[in-house]
Amino acid sequence: MMSRKRIPTGVEGLDALIGGGLQQNKVFMICGEAGTGKTIFCLQYVLAGLQRGESAVYVSIDEKPDHLLEDAESLGWDLKKYIDLEQFAILDVTPYFTNLRTGKEKSIDARIIVTDLSKQLRKIKATRLVIDPIAPLIFGQEATAQLQEYIRSLIFSIEDNLKCTTFITSGIPSGTTKLSKYEVEEFVVSGVIVLGISSLQGRRVRALHIRKMRGTPIDLNDHIFEIIPQRGIVIREAI
């Protein structure tokens, strides 16, 4: 069988832990509690592609585009110039959720968002995609069986139709062992990377571990990482 092309993540020290990079055109999940670095991870992944001449789309659900650009700028990353070059686009879907938050509607039609997303991807010929976070696109699916099928269809549709190597993010509720809100996403995606906080010799440190990576031998150890200006997430030694 022909091996699938590997895509560099841009995260220092990570590619060596996952067989040289991500399998092309697959969907991967980055999960963790609030403040563990999920958005920084995704911005770093996008930047790595832009610097290689690729195009990217970032679907921002919890943050306004300006806030994302400010987050990147705080690390020394100028993403705005890639927007000006029409190499990078941020799809702000917060307006879709306005009626949900005010109680005027009980659900959204995720197909509308996916259609708009497809247009953006085709427009700039994007090869990298981030959906941060994925859970709101699933909002309103009530029955468990329907929910599971909906999530599978959504993720498989991204893989089959969008032709991008994709990261989705998932927030982990504090104090639980869950990896995602609906506990289905991790079974459907091709890989899961978990960010968290660990104790080491009496101090708190940021740590990362690869929970799953299909078709790839992986290092299951926790690895300390730091967030450094200009460089972003840098993985250090295993705990």
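This is a predicted model: local features need pLDDT of at least 70, side-chain atom pairs count only at pLDDT 80 or more; totals for chains, interfaces and linings use all residues.
Q: Why is Gln230 called exposed?
A: The relative accessibility of Gln230 is 54%, and exposed means over 50%, with buried under 20% and partly exposed in between (1.4 Å probe, protein chains only).

Q: Where is Gln230, and what makes its phi worth a look?
A: Gln230 sits in the loop between β10 (223-228) and β11; helices (H or I, at least four residues) and strands (E, at least two) are DSSP runs, numbered from the N terminus. Phi of Gln230 is near 75°, which is positive in a residue other than glycine.

Q: Why does Lys125 count as exposed?
A: Because Lys125 comes in at 68% relative accessibility. The loop between α5 (110-124) and β6 holds Lys125, and its phi is positive too, about 55°, although Lys125 is not a glycine.

Q: What makes Ile83 a partly exposed residue?
A: Ile83 has 29% relative accessibility, so it counts as partly exposed. Ile83 belongs to helix α3 (residues 80-84). Setting aside residues up to four places away in sequence, Ile83 touches Leu69, Phe88 and Ile90, where contact means heavy atoms within 4.5 Å.

Q: Why is Leu68 called buried?
A: With 2% relative accessibility, Leu68 counts as buried. This residue of helix α2 is in contact with Thr39, Leu43, Tyr58, Ser60, Glu63 and Ile90, leaving aside neighbours within four places in sequence.

Q: What makes Thr36 and Glu33 a polar contact?
A: A polar atom of the Thr36 side chain lies 2.7 Å from the backbone oxygen of Glu33. A polar contact is a pair of N or O atoms within 3.5 Å, one able to donate a hydrogen and the other to accept it; residues adjacent in sequence count only if both atoms are side-chain atoms. So this pair qualifies, at 2.7 Å.

Q: What makes a set of residues a nonpolar core, and how many residues has the largest?
A: The members are buried Ala, Val, Leu, Ile, Met, Phe, Trp, Tyr and Cys residues joined through side-chain atoms within 4.5 Å. The largest such core has 36 residues, and Phe167 and Ile193 have the most contacts inside it. Elements giving two or more residues to this core include β3 (27-32), α1 (38-51), β8 (191-200) and β9 (203-213). The largest share, seven residues, comes from α1. Apart from this core lies another one of 29 residues, among them Leu117, Leu121, Ala126 and Ile151.

Q: What does Phe167 touch?
A: Not counting residues up to four places away in sequence, the contacts of Phe167 include Leu22, Phe28, Met29, Phe41, Tyr45, Val130 and Ile193.

Q: What makes a space a pocket, and which residues lie nearest the centre of the largest one?
A: On a 1 Å grid over the protein atoms alone, a pocket is an open set of points with protein on both sides within 12 Å along at least five of seven lines; lining residues have an atom within 4 Å of a point. The largest pocket has 20 lining residues, with Lys38, Asp62, Asp132, Pro133 and Thr169 nearest its centre. At least two lining residues each come from α1 and β7 (165-171).

Q: What joins Asp132 and Pro133?
A: A cis peptide bond does, with omega about -10°. Pro133 is in the loop between β6 (128-132) and α6 (144-162).

Q: How many helices and strands are there, and what share of the chain is buried?
A: The protein chain has seven helices and 11 strands, and 51% of its 239 residues are buried.

Note on methods. Residues are numbered from 1 along each chain as its sequence is written. Side-chain values use heavy atoms; hydrogens and water are left out. On a 1 Å grid over the protein atoms alone, a cavity is a set of points where a 1.4 Å probe fits but cannot get out, and a pocket is an open set with protein on both sides within 12 Å along at least five of seven lines; lining residues have an atom within 4 Å of a point.
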